[in-house]
Each structure stands twice: as C-alpha cells, then as structure tokens.
Amino acid sequence: MLASGPRALLDWDTTPDWATVAAVILHHWLGAPPSQDDLQTFLNQIATDWQPGHPWTVADQQLQAAGLTPLPANP
C-alpha cells in the first residue's frame with residue numbers, strides 16, 4: 001500500500017483538497033512533481049470512489065494500472 005488515511009488526518013471535501021492530496025501522493029510515487037494530466041488521471045481513475053468520512057487507500061498497482069509511471073531510479 002502506498003498511502004492511506006482517515007478523514008481526521010485528511011479533508012476530502014473540495015476540489016482543492018483533492019488536488020493537494022493527489023499532488024503529494026503522485027510526487028512521492030513519480031519522483032517528481034506531477035503534471036496536470038497526471039493529477040487529472042489520478043482524480044478520474046483512482047480517487048473517484050473516495051467519500052468524505054471514509055478511509056481511503058492507494059496501492060502502487062492502482063497507479064501502474066492508471067498509467068502513472070515513476071521516473072527510473074538513479075544508479
């Protein structure tokens with residue numbers, strides 16, 4: 001699991017909240033700040049079922065399935 005959290009630690013009520021959370025998760029996953037397209041993909045394909053007041057999770061398999069690919073590791 002890449003990330004998870006309860007509403008007490010994460011507000012998920014507004015579009016700016018969604019974008020903030022998506023940007024943090026994607027920056028960690030991608031190894032660089034996400035593009036606008038990456039953010040839109042995350043919100044449309046991964047976070048669509050997230051509801052205020054309910055726990056949420058993001059697994060690396062979800063990000064890979066959405067086509068979000070991390071930068072290659074530096075040798």
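**Helices and core**

Modeller: Let us start from one residue in this predicted model. Gly31 follows α1 and has a positive phi, near 85°.

Biologist: In what order do the elements of the protein run from the N terminus on?

Modeller: The protein has three helices and two strands. Read from the N terminus on, these elements run β-α-α-β-α.

Biologist: What percentage of the residues in the protein is buried?

Modeller: The accessible surface of the protein comes to about 4,900 Å², and carbon and sulfur atoms account for 55% of that surface. A residue is taken as buried when its relative accessible area is under 20%. Of the 75 residues in the protein, the buried share is 31%.

Biologist: Which element gives the most residues to the largest nonpolar core?

Modeller: This core has 17 residues, and those touching the most other members are Phe42, Trp50, Val58, Leu63 and Leu68. Two or more residues come from each of α1 (15–30), α2 (36–45) and β2 (56–58). With six residues, the element that gives the most to this core is α1.

Biologist: How far does α1 reach from its first C-alpha to its last?

Modeller: α1 has 16 residues, for which a span of 22 Å is expected at 1.5 Å a residue.

Biologist: Within what arc do the buried residues of α1 fall?

Modeller: The buried residues of α1 are Val21, Ala22, Ile25, Leu26, Trp29 and Leu30. They line one face of the helix, because, seen down its axis, they fall within an arc of 145°.

Biologist: Which exposed residues does the face of α1 turned away from its buried side carry?

Modeller: An α-helix has 3.6 residues a turn, so residues three or four places apart point the same way. On the face of α1 turned away from its buried side, the exposed residues are Pro16, Thr20, Val24 and His28.

Biologist: Is Val21 buried or exposed?

Modeller: Val21 lies in helix α1. Its C-alpha atom is separated by 9.7 Å from that of Leu39, 18 residues apart along the chain. The relative accessibility of Val21 is 10%, so this residue counts as buried.

Biologist: Which elements are included in what covers the buried residues of α2?

Modeller: In α2, the buried residues are Leu39, Phe42 and Leu43. They lie on the same side of α2, because they cover an arc of only 90° around the axis. Their cover includes α1, β2 and α3 (60–65).

Biologist: Which residues does Phe42 touch, not counting those up to four places away in sequence?

Modeller: Phe42 is in helix α2 and is buried, with a relative accessible area of 0%. From Leu26 it is 16 residues apart in sequence and 8.1 Å apart in space, C-alpha to C-alpha. Leaving out residues up to four places away in sequence, Phe42 touches Ala22, Ile25, Leu26, Ala47, Trp50, Val58 and Leu63.

Biologist: What distance separates the C-alpha atoms of Leu30 and Pro72?

Modeller: Leu30, in helix α1, is buried with a relative accessible area of 7%. Not counting residues up to four places away in sequence, Leu30 touches Asp38, Leu68, Thr69, Pro70 and Leu71. Leu30 and Pro72 are 42 residues apart along the chain, and their C-alpha atoms are separated by 9.0 Å.

How values were computed. Residues are numbered from 1 along each chain as its sequence is written. This is a predicted model: local features need pLDDT of at least 70, side-chain atom pairs count only at pLDDT 80 or more; totals for chains, interfaces and linings use all residues. Side-chain values use heavy atoms; hydrogens and water are left out. A nonpolar core is a set of buried Ala, Val, Leu, Ile, Met, Phe, Trp, Tyr and Cys residues joined through side-chain atoms within 4.5 Å. Buried means under 20% relative accessible area, exposed over 50%, partly exposed in between (1.4 Å probe, protein chains only). Helices (H or I, at least four residues) and strands (E, at least two) are DSSP runs, numbered from the N terminus. Accessible areas come from the Shrake-Rupley method with a 1.4 Å probe; for residues, only the protein chains shown count as cover. The arc is that of the directions from the helix axis to the C-beta atoms. Contact means heavy atoms within 4.5 Å. The expected span of a helix is 1.5 Å times one less than its number of residues.
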